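Me: I would like a close look at one part of this model. Please keep it brisk.
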Amino acid sequence: MARSTARKRALNTLYEADEKSQDFLSLLEERKARPGAQTPLPAYAVTIVEGVAGHRQHIDDALQAHSTRWPLSRMHAIDRNILRIAAWEMLYNPDVPDKVAIDEALSLAKTLSDADAPSFIHGVLSALEQEKDEHQARREQADRIAALADAEADADASDDESDRPKAGVVSTGPVPSGDDHAGSKSESATAAPERGDVDQSAPSLDQLKLTLPEELATDADRPSGD
């Protein structure tokens, strides 16, 4: 009986969020904080809402695959969320036998929905039960693919980090540019000759004699008198 009450409270939360186009978990947090006139949400009701929210895409895909009369988006909101609760229990809660999940869904439908709802819900859930193993295999394969993708992404991120140059490493000396080489060559060319080298551009004494006036050249040859 306690779980039956929890299912109904979970259905109220899912139905209200669906009608408001509000996120399931967002409304759940509001109901946990402010239950209003009702008693606090039972723990199993919270578990159901969190489970449906966490696996909503896979649950909706599984239900849609077995709904031959109506697309999920066109179902009554109350029927859609009764189906979601039962599908979550069948696919994700091994503590609840499939027959119990189906019977509880039919009980909610008889109490809260129209006269045609129980037979429709029974047909969808019975088909889901027959192909439950296939749906679980698909889910496990999807989980493996997602895990591999995450592992590859982590490996790529690690490779990028290792290839990145370490911060703070600087060159131990300046790298000379082309201008530096040119300046060095120019300075070498204009540097004074070292001692012992003959400056080929300096005129010899005989050459100086040829360029001096005659009277100075004579004095230049004359020995100094001491």
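What volume does the largest cavity have? Please also describe what surrounds it.

Reply: The largest cavity has a volume of about 30 Å³. This is a predicted model, where local features need pLDDT of at least 70, side-chain atom pairs count only at pLDDT 80 or more, and totals for chains, interfaces and linings use all residues. Residues are numbered from 1 along each chain as its sequence is written, and side-chain values use heavy atoms, with hydrogens and water left out.

A cavity here is a set of points, on a 1 Å grid over the protein atoms alone, where a 1.4 Å probe fits but cannot get out. Grid points are joined across faces, edges and corners, and a volume is the space filled by probe spheres set on the points. By this rule there is one cavity of 30 Å³ or more.

The lining residues (an atom within 4 Å of a point) are R7, I82, I85, A86, E89, A101, E104, A105 and L108. Two elements give two or more residues to this lining: α5 (77-92) and α6 (98-112). Helices are DSSP runs of H or I, at least four residues, numbered from the N terminus. By class, the lining has six nonpolar, no polar and three charged residues. Ala, Val, Leu, Ile, Met, Phe, Trp, Tyr, Cys and Pro count as nonpolar, Asp, Glu, Lys and Arg as charged, and the others, Gly among them, as polar.

Next, the two helices. The axes of α5 and α6 lie 9 Å apart, and the helices pack at an angle of about 165°. α5 is therefore roughly antiparallel to α6 (an angle over 145 degrees). Axes are lines fitted to C-alpha atoms, for helices over the stretch in contact, and angles run from 0 to 180 degrees between N-to-C directions. The crossing of α5 and α6 is right-handed: the near helix is turned clockwise from the far one by less than a right angle.

α5 brings I78, I82, A86, E89 and M90 to the contact, and α6 brings D98, A101, I102, A105, L108, A109 and L112. Contact means heavy atoms within 4.5 Å. This α5 and α6 contact has ten nonpolar, no polar and two charged residues.

How values were computed. On a 1 Å grid over the protein atoms alone, a cavity is a set of points where a 1.4 Å probe fits but cannot get out, and a pocket is an open set with protein on both sides within 12 Å along at least five of seven lines; lining residues have an atom within 4 Å of a point. Angles under 35 degrees count as roughly parallel, over 145 as roughly antiparallel, 65 to 115 as roughly perpendicular and the rest as oblique.
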